[in-house]
Amino acid sequence: MKRRNFLVALGASLVAGCSKIGDSQWFEALVDTAEGWHRGIHRTLGVGRIAMAPEYERSDISPFFRGNGSRTVDTDAYRAALESGFADWTLSVGGLVDNPLTLTLDDIRTLPQRTQITRHDCVEGWSAIGEWTGPQLSHILEQAGVQEAVRFVIFRCADNLNGADYYESCDLDDAFHPQTIVAHLLNGEPLPERNGAPLRMRIERQLGYKHAKYLTGIELVASLEDVEGGKGGYWEDRAGYQWYAGI
Ligand SMILES: Nc1nc2c(c(=O)[nH]1)N[C@H]1C(S)=C(S)[C@@H](COP(=O)(O)O)O[C@H]1N2
Ligand SMILES: [Mo]
C-alpha cells in the first residue's frame with residue numbers, strides 16, 4: 001500500500017475508535033517524526049489542528065513572564081542593536097519563495113496586527129499567560145509567495161547555545177494558522193530582552209521550545225533533512241524533543 005493510502009486507512013480505523021492502535025508506540029513514533037508527518041494525517045485522525053488554542057482574559061495575564069533558555073544574545077552586535085532600539089534589525093524571508101523579503105521592525109508594525117492572550121507551556125514544567133501582538137505569519141508568507149514545493153518553514157534565531165544557533169520549524173498548517181504570529185509586543189510593550197527582543201514566533205498550539213526568540217530569518221523549504229541536524233529544531237536535533245509538540 002502506498003504510504004498515503006496506508007495513513008488514510010490508519011486514520012479511518014482510529015476515527016472508528018480503535019484505541020489500541022492509538023496507544024501503540026510504533027504509531028506514536030510514526031507521527032512524532034517530522035518526515036513521517038503528513039499534512040493530512042491529523043485532519044484525518046480528527047485531532048483538530050484547525051482548532052484554536054485557548055485565549056484568556058486580561059485579568060489572567062501572569063504578573064511576570066519569565067525568560068527561559070537564552071535570556072539574551074551574547075554578541076556585541078545584539079548589545080548595539082538593543083541600545084539603538086533595534087532600528088536596524090531585519091527579518092529576512094527567503095528560501096522557496098517568489099519574492100524574498102527583508103522586513104524592518106517598522107514594516108512588521110505596519111502590517112495588520114493580531115493580539116492574543118495565550119498560555120505558554122514549557123516542557124520543563126512551568127506555564128505563563130501573556131498577551132502577544134504582531135502580524136500573522138500567513139500575511140508575510142502571502143507577500144513572499146510560497147512556492148509549490150514548500151512543506152516546512154524554518155525560523156532562524158540570533159542566539160547561539162553551546163556552539164549551535166537556535167532554530168525551529170513548523171509545517172504549513174501551523175504556519176498559516178490564524179494564531180501563528182511574529183510577535184513584537186508582550187502585554188502591550190516591546191518584547192523584553194529575556195523574552196526574545198525584538199521579534200519572536202508564537203505558535204500557540206505547541207510547546208514552548210517551538211516559539212523561536214530573537215528571530216532573524218524565515219526560510220521556506222521542501223524538506224528538513226538538509227537543515228542543521230535534520231530534525232527540525234535545536235532541541236529536536238539534540239535532546240530528541242518531539243518535532244510536533246502539540247499541547
Ligand atoms: N532563540 C531561542 N528561542 C527559544 C529558546 C532559546 O533558548 N532560544 N528557548 C525556548 C524555550 S525552551 C522556551 S520555554 C521559550 C521561553 O520563552 P520565554 O523566554 O519568553 O519564557 O522560548 C523558546 N524559544
Ligand atoms: Mo521550554
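Which residues does Val-97 touch, not counting residues up to four places away in sequence? I shall begin with that question and then widen the view. Please keep in mind that the structure before you is a predicted model.

Val-97 sits in the loop that joins β1 (90–95) to β2 (101–104). Leaving aside residues up to four places away in sequence, Val-97 touches Ala-144, Gly-145, Gln-147 and Leu-220. Is Val-97 buried or exposed? Its relative accessible area is 6%, and a residue counts as buried under 20%, so Val-97 is buried. Val-97 and Val-221 are 124 residues apart along the chain, yet a distance of 9.1 Å separates their C-alpha atoms.

Two of the residues that Val-97 touches, Ala-144 and Gly-145, lead us to helix α7, which covers residues 137–144. Its buried residues are Leu-137, Ser-138, Ile-140, Leu-141 and Ala-144. Why do these residues lie on the same side of α7? They do so because they cover an arc of only 160° around the axis. As a general rule, an α-helix has 3.6 residues a turn, so residues three or four places apart point the same way. Just after α7 comes Gly-145, with a positive phi of about 80°.

For a contrasting residue, consider Arg-79, in helix α5 (residues 76–83). Apart from residues up to four places away in sequence, Arg-79 touches Thr-72, Val-73 and Glu-193.

Let us turn to the largest pocket. It holds about 370 Å³ of space. Its lining consists of 25 residues, and those nearest the centre are Asn-68, Gly-69, Tyr-166, Gly-208 and Tyr-209. Strands β3 (114–122) and β5 (152–161) are the elements that give two or more residues to this lining. Sorted by class, the lining has 11 nonpolar, eight polar and six charged residues.

Finally, I come to the protein as a whole. It contains nine helices and 11 strands. Of its 247 residues, 49% are buried. Among contacts with a separation of 6 or more, 68% are between residues 24 or more positions apart. The protein exposes about 11800 Å², and carbon and sulfur atoms supply 51% of that area.

To return to the opening question, the residues that Val-97 touches include Leu-220 and Ala-144, and Ala-144 is one of the buried residues of α7. Thank you for your attention.

Notes
Residues are numbered from 1 along each chain as its sequence is written. Chains are lettered from A and ligands numbered from 1 in the order in which they are written. This is a predicted model: local features need pLDDT of at least 70, side-chain atom pairs count only at pLDDT 80 or more; totals for chains, interfaces and linings use all residues. Side-chain values use heavy atoms; hydrogens and water are left out. On a 1 Å grid over the protein atoms alone, a cavity is a set of points where a 1.4 Å probe fits but cannot get out, and a pocket is an open set with protein on both sides within 12 Å along at least five of seven lines; lining residues have an atom within 4 Å of a point. Grid points are joined across faces, edges and corners, and a volume is the space filled by probe spheres set on the points. Helices (H or I, at least four residues) and strands (E, at least two) are DSSP runs, numbered from the N terminus. Ala, Val, Leu, Ile, Met, Phe, Trp, Tyr, Cys and Pro count as nonpolar, Asp, Glu, Lys and Arg as charged, and the others, Gly among them, as polar. Buried means under 20% relative accessible area, exposed over 50%, partly exposed in between (1.4 Å probe, protein chains only). Contact means heavy atoms within 4.5 Å. Accessible areas come from the Shrake-Rupley method with a 1.4 Å probe; for residues, only the protein chains shown count as cover. The arc is that of the directions from the helix axis to the C-beta atoms.
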